Amino acid sequence: MNKLFSFKQFTINQDQCAMKIGTDGVLLGAWTSIKHNPESILDIGTGTGVIALQLAQRSDAEIIDAIEIDDNAFEQAVENFENSPWGDRLFCYHASLEEFTNEMDDNYDLIISNPPFYNDAFQSDDNARNTARFTDSLPFDILLKSVSKLLSSTGVFTVIIPYKEEKNFIKLAKQHNLFVNIICNVKGTPTSDIKRSLLEFSFTENEVIMEDLVIETARHHYTDTYIKLVKDFYLKM
C-alpha cells in the first residue's frame, strides 16, 4: 500500500517516506512560476522528491538540488531521481538545512519548500512522520534565514503553508528582506474556509498580486483552474 504513485512522466516510490504524496506538494510544484527561467533550483525538505521532479519536468534548469534530513526519505528521493528521465539534473543532499546553508557558497534562482507545519499539540509516536510534519524540525525563521542566504539577488522563493500562518510568515520573511509578491489562497470547495496559502517572495518589493484557487466544486469534480494547473502531472486529468 502507498508504494507507487504514477504521474504522467515519472513514478514515485514512497514506501520509505513518512509523508506520502499529497495535494500540497503537487500544487506547489505546479503553481510555482518559472517565468524568470531559473538555471538553478533548490527544493528544501524534498521528501519523496516530487516537487523537484515536477520542476525538472517543467523547466530547463541545469541544476536541481534537493535537501532531505530523514535517512529513509533521502534514500527514496535519490531512488526516485535516478529512476526519472532527468536523473542527470537532480541531486539530493543528506543534511539539515542549517548544515547545507553553512557549507554552500552557490546561490539559487528558485527555491521551493513544502515545509512541516503542524505544531507539537498533535505529535505522534512516529518520529519520521513528526519530522516530516512538524515545525519543530524546521522552524519558519530558520527556513527564511537560510533562503535569504541561498537565494540569488533576482531569485524567487515559493512556499505552501496553512492560511492561519500567512500573516506571521510574511512578517517574518520581511525581517530577512524577503517581500511577498504573490499570495494565492486555496480552498477545497467554493463554500469551505481557506485552507492553504501559496506564497511567492523575492528581494524586490512589488505590489502584491492576490489570487484565489478552488480545487473542487463537488467530490472529484475539479475546477477548470485546478485542472489547468495540474493536468501535466496527474494521470486522471
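Predicted model: local features only at pLDDT ≥ 70, side-chain atom pairs only at ≥ 80, totals over all residues.
Helix α6 (residues 140-150) meets helix α7 (residues 166-175) at an angle of about 40 degrees, and their axes lie 9 Å apart. That angle makes α6 oblique to α7, because anything under 35 degrees would count as roughly parallel and 65 to 115 as roughly perpendicular. The crossing of α6 past α7 is right-handed.

Who does the touching? On the α6 side, the contact is made by Phe140, Asp141, Leu143 and Leu144, and on the α7 side by Phe169, Leu172 and Ala173.

The largest nonpolar core has 41 residues, and Phe7, Phe10, Val50, Leu90, Leu198 and Tyr226 have the most contacts inside it. Helix α2 (residues 50-58) gives the most to this core, with 6 residues. There's also a second, separate core of 25 residues, and Met104, Phe140, Leu150 and Leu151 are among its members. Phe140 also takes part in the contact of α6 with α7. As a rule, nonpolar side chains in soluble globular proteins tend to be buried together.

| Core | Residues in core | Some of its members |
|---|---|---|
| Largest nonpolar core | 41 residues | Phe7, Phe10, Val50, Leu90, Leu198, Tyr226 |
| Second, separate core | 25 residues | Met104, Phe140, Leu150, Leu151 |

Helix α2 is worth a look in the viewer. With 8 of its 9 residues buried, α2 is largely enclosed by the rest of the structure. The buried ones are Val50, Ile51, Ala52, Leu53, Gln54, Leu55, Ala56 and Gln57. Phe10 reaches several of these: leaving aside its neighbours within four places in sequence, Phe10 is in contact with Val50, Leu53, Gln54 and Gln57, and also with Phe5, Trp86 and Phe233.

Arg196 sits in strand β9 (residues 194-202). Is Arg196 buried or exposed? Its relative accessible area is 10%, so Arg196 counts as buried, the cut-off being under 20%. The C-alpha atom of Arg196 is 8.1 Å from that of Lys164, although the two residues are 32 apart along the chain.

Zooming out, the protein chain has 8 helices and 12 strands. Buried residues make up 51% of its 237 residues. Of the contacts between residues at least 6 apart in sequence, 69% join residues at least 24 apart.

Conventions:
Residues numbered from 1 in each chain as written. Heavy atoms only, no water. Core = buried A, V, L, I, M, F, W, Y, C linked by side-chain atoms within 4.5 Å. Buried < 20%, exposed > 50% of the residue type's maximum accessible area, 1.4 Å probe, protein only. Helix = DSSP H or I, 4+ residues; strand = E, 2+ residues; numbered from the N terminus. Contact = heavy atoms within 4.5 Å. Axes fitted to C-alpha atoms, helices over the stretch in contact; angles between N-to-C directions. Parallel < 35°, antiparallel > 145°, perpendicular 65-115°, else oblique. Left-handed = near helix turned anticlockwise from the far one by under 90°.
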